[in-house]
Amino acid sequence: MNKKTLWITETAVMIALLVALQWATKPLGQFVTGSCVNLVLGVSALVGGLWCGLTVALVSPFFAFLLGIGPAFLPIVPMVAVGNMVLVVILHLLASRDKIATRSYLAVAVGAVTKFLALWLLIVKLVLPTLGLAEKQVAAISASFSWPQLVTAAIGGVLAVTIAPLIRKALRSK
């Protein structure tokens, strides 16, 4: 299989897995769904490569929006994509792809904090004030795009850097 076909296949599988997990975990709440999404983002970057991870990061919030899981306001959706892409880039650049290493867990910490800060700045400070929403709505949306993002990015990231080397090893053995 040539590299382009492999990339398309890996990316399609990651997107399909992401959508299935978003749909299946929707009733379980933000912590479970968000952790699963961040897991898929991390595995996409660490197994499929940077462009696979960025593609999955970009489409993830749009599928969440269409499934009624993500933000209810379309102007927020691209900001979530940016936050996802921040996590993917940091994991790709800093985490080890071939072994479970301390460096990978440090990459998760940096990625989770950076994603959290990006989402908080872009959504809470930049976009929400322009939407003209009621104070109660702003408070609820602000709460979901604050510390829970840090927690779900950390959980999903730790799971991703733990299993990605095993997936890569299994794929190479065939």
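Before the first stop, a word on the labels: helices here are DSSP runs of H or I with at least four residues, numbered from the N terminus. Keep in mind, too, that you are looking at a predicted model.

**Stop 1**

Select I100. You'll find I100 in the loop between α4 (77-94) and α5 (102-127). Is I100 buried, partly exposed or exposed? Its relative accessibility is 45%, so I100 counts as partly exposed, since that label covers values between 20% and 50%.

**Stop 2: the cores**

Time to go inside. In soluble globular proteins, nonpolar side chains tend to be buried together. Here, the largest nonpolar core has 26 residues. Select M14, L41, V43, V56, V88, L91 and V161, which have the most contacts inside this core. Which helices supply at least two residues each? Colour α1 (3-25), α2 (30-48), α3 (50-67), α4, α5 and α7 (147-172) to see them. The top contributor is α2, with eight residues.

Stay a moment with M14 and show what surrounds it. Leaving out neighbours within four places in sequence, M14 is in contact with V40, V43, S44, C52 and V56.

There is also a second, separate core, this one of eleven residues. To find it, select V80, L119, I123 and L128, which are among its members.

**Stop 3**

F31 has a relative accessible area of 38% and is partly exposed, while W147, at 52% relative accessibility, counts as exposed.

**Stop 4: a serine in a loop**

Last, select S146, in the loop between α6 (135-144) and α7. Is S146 buried or exposed? S146 is buried, because its relative accessible area is 15% and buried means under 20%. Show F116 and W120 as well: S146 touches both, not counting residues up to four places away in sequence.

Conventions:
Residues are numbered from 1 along each chain as its sequence is written. This is a predicted model: local features need pLDDT of at least 70, side-chain atom pairs count only at pLDDT 80 or more; totals for chains, interfaces and linings use all residues. Side-chain values use heavy atoms; hydrogens and water are left out. Buried means under 20% relative accessible area, exposed over 50%, partly exposed in between (1.4 Å probe, protein chains only). A nonpolar core is a set of buried Ala, Val, Leu, Ile, Met, Phe, Trp, Tyr and Cys residues joined through side-chain atoms within 4.5 Å. Contact means heavy atoms within 4.5 Å.
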